[in-house]
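Dear colleague,

Here is the structure I promised to pass on. My notes on it follow below.

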Amino acid sequence: MNWYKVIRHDNTVIKPYIADKGDLMGVDEEDLWGGTPLVADWNEAAWIKASTPEDDGDPDDALQTYLHFPIYSLRLRRALENAGIGGIQWLPLHVLRPDGKEIPGYSIANIVNLVEGALDLEHSDYDVYPPDYFLPERVGKVRGIRIPVLQAEKLKGLEVVRLMEARAAFYVSERFKEAFEMAGCTGHSFYAVGVI
């Protein structure tokens, strides 16, 4: 099966909505990179907003925001669910225009598959934190990935994953990509990655 790195804020509408502020009501952004569902911690009053008229455009299905996790429309959510794509916890989110009017139907797509060892370190092209890095616990760990190569064995039965070695990016299966494209969704493009 083919796998893809998701390119965020690409394949967008002509004048996209862009949220530049918000309040997750006590949830830290990195909690949504951890690969675990949020249960008691999610407050449904959480919101994001485009604060200026210049950013108040048409919303993409994969919303453009200042945050580093995906926020998806109801159309995209339904397309993924209808395709049987699992591994996502849906957290409702109020998406507001500058005047406070809500754009309904958006949810954070909390990716709950955090896979260790799926990045093939022998065949991937990546950087590590240098010996003099100011956070000693990160020294020698993956800092950034230029060309990822994934291990097929670690991806069996999954459709969307974050990598333990580099949590900010996420990767999706061909089935995810097809569901996105068949629904005519906007806001992501997909870059094919090597799988061995």
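In the protein chain, 71% of the contacts with a separation of 6 or more are between residues 24 or more positions apart; contact means heavy atoms within 4.5 Å. This is a predicted model, in which local features need pLDDT of at least 70 and side-chain atom pairs count only at pLDDT 80 or more, while totals for chains, interfaces and linings use all residues. Residues are numbered from 1 along each chain as its sequence is written, and side-chain values use heavy atoms, with hydrogens and water left out.

The secondary structure of the protein chain comprises 3 helices and 17 strands (DSSP runs, H or I of at least four residues for helices and E of at least two for strands). The chain has a radius of gyration of 17 Å, close to the 16 Å that the globule rule gives for 196 residues, so it is as compact as a globular protein of that length (taken over C-alpha atoms; the rule is 2.2 Å times the number of residues to the power 0.38).

Of the 196 residues, 44% count as buried, that is, under 20% relative accessible area with a 1.4 Å probe, protein chains only. Leaving aside neighbours within four places in sequence, Trp42 contacts Leu24, Val27, Leu91, Pro92, Leu93 and Ile108.

Regards

Terms used. Buried means under 20% relative accessible area, exposed over 50%, partly exposed in between (1.4 Å probe, protein chains only).
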